[in-house]
Amino acid sequence: MTFTVAVSGASGYAGGELLRLLADHPEFEVRTVTAHSNAGQPLTAVQPHLRSYTHLTLKETSAETLAGHDVVFLALPHGASGAIAAELADDTLVVDCGADHRLESEQDWATFYGGEFHGAWEYGVPELPRLSGTQRTRLASTRRIAAPGCNASTVALSLAPGIRAGVIEDRDIVSVLAVGPSGAGRALKAHLLGSEILGSANPYAVGGTHRHIPEIQQALRWAGAAAPTISFTPTIVPMSRGILATSTARIAPGADAAAVRAAWEDAYAGEGFVQLLPDGQFPRTADVLGANTALIGLAVDEAAGRVVVVAAVDNLVKGTAGAAIQSANIALGLAEATGLPVNGVAP
């Protein structure tokens, strides 16, 4: 069976990455692409690398345009998808790549985003460990999915195994990330100009203000954390895409290096897209470029009494579009890996 697909926000980075991956998906047929200021232009005028879509023209983004498709991917700015999604039919599979449906707490939404609260959908990170099982079971047969924040899912996948197994403490967690500017979207921003980021590393959202913090805490609570606290500091570095997240947490009393490694091995055994590297190996962002994979390296700093987790993700693939398609596959009863690359691009 072929499922008809519409992609809104198709002129942006997340929308473009969705389309790149969907082009090789044997069960999805992209029929409609929408945009805002770019509506009326050929898709390839704004996404010239997507040569298989030369027949498509960007339409205005509206519920009316998106209606009538089996699957709708919303790649819209935060705050823009909630109202449109509410007008789509209940039997349409809607995957929101923005933040509008990620948070369960209305207070967290008000504190970190503001505006109308639209409620939480099923979280689109299938491998995420929960206190019982994984997030995968909650995605089966759902028709509303919230794709993750790229930084949030990277950190959550890094730490949830240790929280669930009780080998790390849920307080005094520290995560420092090197991130590519594509995670901030395609809209023109002065601090993301090439002249501002080339040859420089630029921290942002310092001091507990980043919007992905409550999303991380929510995921860690699902894994069993009572009241997780995290110091989260991202830094923009001059690579177009990619996240390298280094997270540390205090090792729990009585846990040792063997128990720590066993927690992550148990969590990701058999997972094709989240892979724990052999002891002593750590990932690079180059290793996941273009792939729907999260690679994780693990160590115990005995002197500091902390577990160190290093995770590499392509923010546009496993961090956004790949996670969205992977989750959609599950919801539709397709093979989970359909249309998704596990191998990266090098050099």
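UniProt, in an unreviewed entry, lists residues 4-134 as "domain: Semialdehyde dehydrogenase NAD-binding"; UniProt positions are given in the numbering used here, feature names are shortened, and annotations may be inferred rather than shown by experiment. The structure is a predicted model, in which local features need pLDDT of at least 70 and side-chain atom pairs count only at pLDDT 80 or more, while totals for chains, interfaces and linings use all residues. Residues are numbered from 1 along each chain as its sequence is written, and side-chain values use heavy atoms, with hydrogens and water left out.

**The annotated span**
- The span 4-134 is 24% helix and 19% strand, and its end C-alpha atoms lie 28 Å apart; helices (H or I, at least four residues) and strands (E, at least two) are DSSP runs, numbered from the N terminus.

- An open sheet of 7 strands has the order 3-2-1-4-5-7-6 with parallel pairing, where two strands pair if DSSP finds at least two bridges between them.
- Strand 3 (59-60) and strand 6 (122-123) are the edge strands, each pairing on one side only.
- Strand 1 (residues 3-8) and strand 2 (residues 28-35) run parallel and are joined by 5 bridges, and Phe3 has Phe28 in strand 2 as its bridge partner.
- Helix 1 (residues 13-22) packs on this sheet, touching strand 1, strand 2 and strand 4 (71-74), and its direction makes about 160° with that of strand 1; axes are lines fitted to C-alpha atoms, for helices over the stretch in contact, and angles run from 0 to 180 degrees between N-to-C directions.
- Helix 11 (residues 317-331) also packs on the sheet, where it touches strand 2, strand 4, strand 5 (93-96) and strand 7 (144-146), its direction making about 155° with that of strand 5.

**The mixed sheet**
- Another open sheet has 7 strands in the order 9-10-8-11-14-13-12, and its pairing is mixed.
- Strand 9 (202-203) and strand 12 (274-276) stand at the edges with a single partner strand each, so one side of each is left without a neighbour in the sheet.
- Strand 12 runs parallel to strand 13 (residues 294-301) and is joined to it by 3 bridges, with Val274 having Ala294 as its bridge partner in strand 13.
- Helix 9 (residues 213-222) lies across strand 8 (173-179) and strand 10 (230-236), running at about 135° to strand 10.

**Ala291**
- Ala291 lies in the loop between strand 12 and strand 13 and counts as buried because its relative accessibility is 0%, buried being under 20% relative accessible area, exposed over 50% and partly exposed in between (1.4 Å probe, protein chains only).
- Leaving aside neighbours within four places in sequence, Ala291 is in contact with Asp314, Val317, Lys318, Pro341, Val342, Asn343 and Gly344, contact meaning heavy atoms within 4.5 Å.
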